[in-house]
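I set out to look through one protein model and to note what I found, entry by entry. The structure is shown first, and my notes follow.

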Amino acid sequence: MAKLDYYEVLGVTRDADDKTLKSAFRKLAMKYHPDRNPGDAEAEAKFKKISEAYDVLKDADRRAAYDRFGHAAFDNGGMGAGARGFSGDFASTMSDIFDEFFGGMGGAGGRRQGTGGRERGADLRYNMDIDLEEAFTGKTVKIEVPTSIVCETCSGSGAKPGSSPTTCRTCGGTSRVRASQGFFTLERACPHCQGRGEIISDPCPDCSGTGRRVEERTLSVNIPAGIEDGTRIRLAGEGEAGLRGGPAGDLYIFLSIRPHAFFQRDGADLFCRAPISMTAAALGGQFEVPTVDGGKTRVKVPEGTQTGKQFRLKGKGMPVMRSTQHGDMYIQVTVETPQNLTKRQRELLQEFEENSSHENNPESTGFFARVKDFIDNLGG
């Protein structure tokens with residue numbers, strides 16, 4: 001009887017790449033696996049043929065030989081298509097498939113557990129908002145966290161006081177069972193004890209055999225000075241208690257800094273915009289601005305200051321974490337154009353305009369001179 005084309009067996013074209021081959025194999029293997037089709041000889045035969053085809057095509061050298069000579073490349077002991085053991089990528093692929101078959105069966109979730117079903121507790125997340133001033137000084141915060149803690153009644157064992165778990169007779173306490181299926185030996189979590197290795201016949205009345213109970217705890221969180229928005233603080237062992245005496249998870253504090261009324265932050269530097277009057281910009285002057293530490297500082301404006309001028313106040317920014325350094329504060333001024341002028345104010349400004357020269361407005365004078373030259377050149 002003629003053998004089926006391996007590409008047809010997997011339902012792929014002859015130019016299929018490795019990723020396509022693997023995806024096709026996984027899909028068909030899961031469909032025809034004997035454990036999903038108990039007692040179905042036809043499904044088992046298809047599963048063996050699918051495995052044979054993939055074992056050849058996944059190997060670059062064997063695939064090249066097959067593409068050139070077909071099944072004859074493996075006849076008479078050629079490259080041993082049917083005799084080779086399953087290893088390398090194939091074994092990895094089969095392992096993935098078995099995880100998909102048995103993940104979640106019997107409550108084990110495909111994850112190995114230690115004797116007694118001790119599982120690490122889940123990590124917890126707590127979102128915290130603080131002000132920029134609090135990030136500047138640092139602080140210690142008390143938070144209330146509802147979480148699972150170890151049951152004091154049974155000390156986390158899950159068994160009623162005075163009793164103790166017994167070894168599972170099905171798996172002998174190993175938490176895993178093996179079963180032969182064709183030429184495979186499969187290992188899975190014990191369905192009798194759900195992969196725990198022990199049976200709790202008399203569960204603790206306070207925790208129903210889980211070894212933990214829900215309670216709200218008060219924790220102290222230290223927020224260091226200079227902490228930045230989005231920082232994650234880890235409190236080891238302060239997460240959810242583990243099942244049946246397993247280790248606790250961790251608690252992660254995710255920090256967000258609220259927007260500030262005056263400052264924008266960039267690392268350790270602070271930025272602030274300050275509008276000043278046209279006369280203050282022209283004649284010079286000074287003004288006060290707040291600082292993040294709760295104080296204030298004076299900024300001197302030189303005569304002829306333009307919009308966008310930036311003043312640097314050294315050391316007035318945020319502290320740099322784990323150091324004694326501080327960032328800087330930058331004040332950027334914008335010159336405000338007067339509005340709602342009185343008649344006299346308008347007359348004075350008109351008089352000023354009539355008596356001004358290019359020396360009073362060198363930037364605008366230079367700009368419009370270049371505009372005039374450009375237009376003249378277009379016309380010429």
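Predicted model: local features only at pLDDT ≥ 70, side-chain atom pairs only at ≥ 80, totals over all residues.

Entry 1, a loop residue. Asn 340 sits in the loop between strand 15 and helix 8. I noted a phi near 55 degrees for Asn 340, a positive value in a residue other than glycine. Most residues other than glycine have a negative phi.

I located Arg 322 in the loop between strand 14 (310–313) and strand 15. Its relative accessibility is 80%, so Arg 322 counts as exposed, the cut-off being over 50%.

The average pLDDT of the protein is 81, and 85% of the residues score at least 70. I marked residues 76–96, where the pLDDT is below 50; this stretch has 32 contacts in the model beyond near neighbours in sequence. I also marked residues 98–116, over which pLDDT stays under 50, with 39 contacts beyond four places in sequence.

I noted 9 helices and 15 strands in the protein. Of its 380 residues, 34% are buried. Among contacts between residues at least 6 apart in sequence, 64% join residues at least 24 apart.

In soluble globular proteins, nonpolar side chains tend to be buried together. I looked for such groups here and found that the largest nonpolar core has 35 residues. The members that touch the most others are Met 128, Ile 130, Ile 143, Ile 223, Ile 253, Phe 287 and Ile 331. A second, separate core holds 20 residues, including Tyr 7, Leu 21, Ala 24 and Ala 43. I then listed the neighbours of Ile 143; not counting residues up to four places away in sequence, Ile 143 touches Tyr 126, Met 128, Arg 217, Thr 218, Leu 219, Val 221, Leu 251 and Ile 253.

Is Thr 297 buried or exposed? I found a relative accessible area of 17%, which is under the 20% cut-off, so Thr 297 is buried. Thr 297 lies in strand 13 (residues 296–301). Leaving aside neighbours within four places in sequence, I recorded contacts of Thr 297 with Phe 287, Glu 288, Val 289, Thr 291, Leu 313 and Met 329. Next I looked up Phe 25, which belongs to helix 2 (residues 18–32). Phe 25 is buried, with a relative accessible area of 0%. I noted that Phe 25 and Ile 50 are 25 residues apart in sequence, with 6.9 Å between their C-alpha atoms.

Entry 7, the largest pocket. I asked how much space lies in the largest pocket and read about 1000 Å³. The pocket is lined by 25 residues, of which Met 278, Ala 282, Val 335, Phe 352 and Asn 361 are the closest to its centre. I counted the lining by type as 11 nonpolar, 11 polar and 3 charged residues. Helix 7 (278–283), strand 15 (329–336), helix 8 (343–355) and helix 9 (362–379) each supply at least two residues of this lining.

Notes
Residues numbered from 1 in each chain as written. Heavy atoms only, no water. pLDDT = per-residue confidence, 0-100. Contact = heavy atoms within 4.5 Å. 1 Å grid on protein atoms, 1.4 Å probe; cavity = no way out; pocket = protein on both sides within 12 Å on 5 of 7 lines; lining within 4 Å. Points joined across faces, edges and corners; volume = space filled by probe spheres on them. Helix = DSSP H or I, 4+ residues; strand = E, 2+ residues; numbered from the N terminus. Nonpolar A, V, L, I, M, F, W, Y, C, P; charged D, E, K, R; others polar. Core = buried A, V, L, I, M, F, W, Y, C linked by side-chain atoms within 4.5 Å. Buried < 20%, exposed > 50% of the residue type's maximum accessible area, 1.4 Å probe, protein only.
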